Amino acid sequence: MEAVKQFKVGPGDEEGVTHGPIQNMMQFNKVKNLFADIEKEKWTVATGGRSDLGRPGYFVEPTIIDRPPIDSRIVTEEPFGEYTIP
């Protein structure tokens, strides 16, 4: 979890960025919808959980949810909403 907190989210041409934006609005909205489930279901967020980072673009924080139910959407849909800058 501590390693995830060290990730830097931002534009791919910005120095030190490890995670760029989500590819498009459709995928971004899907991730935001899944984030809404975090609040609704009262899951414990170990780190992350924000989709409004105060900048334009489709950015979300890398997020770890502590033990969501095995049958929850967040588990069954495997929401890999972002890509890692090589």
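Begin with the largest nonpolar core: select I22, F28, V31, L34, F35, I38, W43, V60, I65 and I74, ten residues in all. A nonpolar core is here a set of buried Ala, Val, Leu, Ile, Met, Phe, Trp, Tyr and Cys residues joined through side-chain atoms within 4.5 Å; buried means under 20% relative accessible area, exposed over 50%, and partly exposed in between, with a 1.4 Å probe and protein chains only. The model is predicted, so local features need pLDDT of at least 70 and side-chain atom pairs count only at pLDDT 80 or more, while totals for chains, interfaces and linings use all residues. Residues are numbered from 1 along each chain as its sequence is written, and side-chain values use heavy atoms, with hydrogens and water left out.

Next, select helix 2, residues 25–41, which gives the most to this core, with five residues. Helices (H or I, at least four residues) and strands (E, at least two) are DSSP runs, numbered from the N terminus. The end C-alpha atoms of helix 2 are 24 Å apart, in agreement with the 24 Å that its 17 residues should span at 1.5 Å a residue; the expected span is 1.5 Å times one less than the number of residues.

Which residues of helix 2 are buried? They are F28, V31, L34, F35, D37 and I38. These residues cover an arc of only 165 degrees around the axis, which puts them on the same side of helix 2; the arc is that of the directions from the helix axis to the C-beta atoms.

Now select F28 together with Y58. The two form a tilted aromatic pair, 5.3 Å centre to centre with 40 degrees between the planes. Rings of Phe, Tyr and Trp (its six-membered ring) pair if their centres lie within 6.5 Å; planes under 30 degrees apart count as stacked, over 60 as edge-to-face and the rest as tilted. F28 lies in helix 2 and Y58 in the loop between strand 1 (44–47) and strand 2 (64–66), so the pair ties together parts that are 30 residues apart in sequence. F28 is buried at 9% relative accessible area, whereas Y58 is partly exposed at 27%.

Finally, move to W43, in the loop between helix 2 and strand 1. W43 is buried, with a relative accessible area of 14%. From W43 to P69 the C-alpha distance is 9.0 Å, across 26 residues of sequence.
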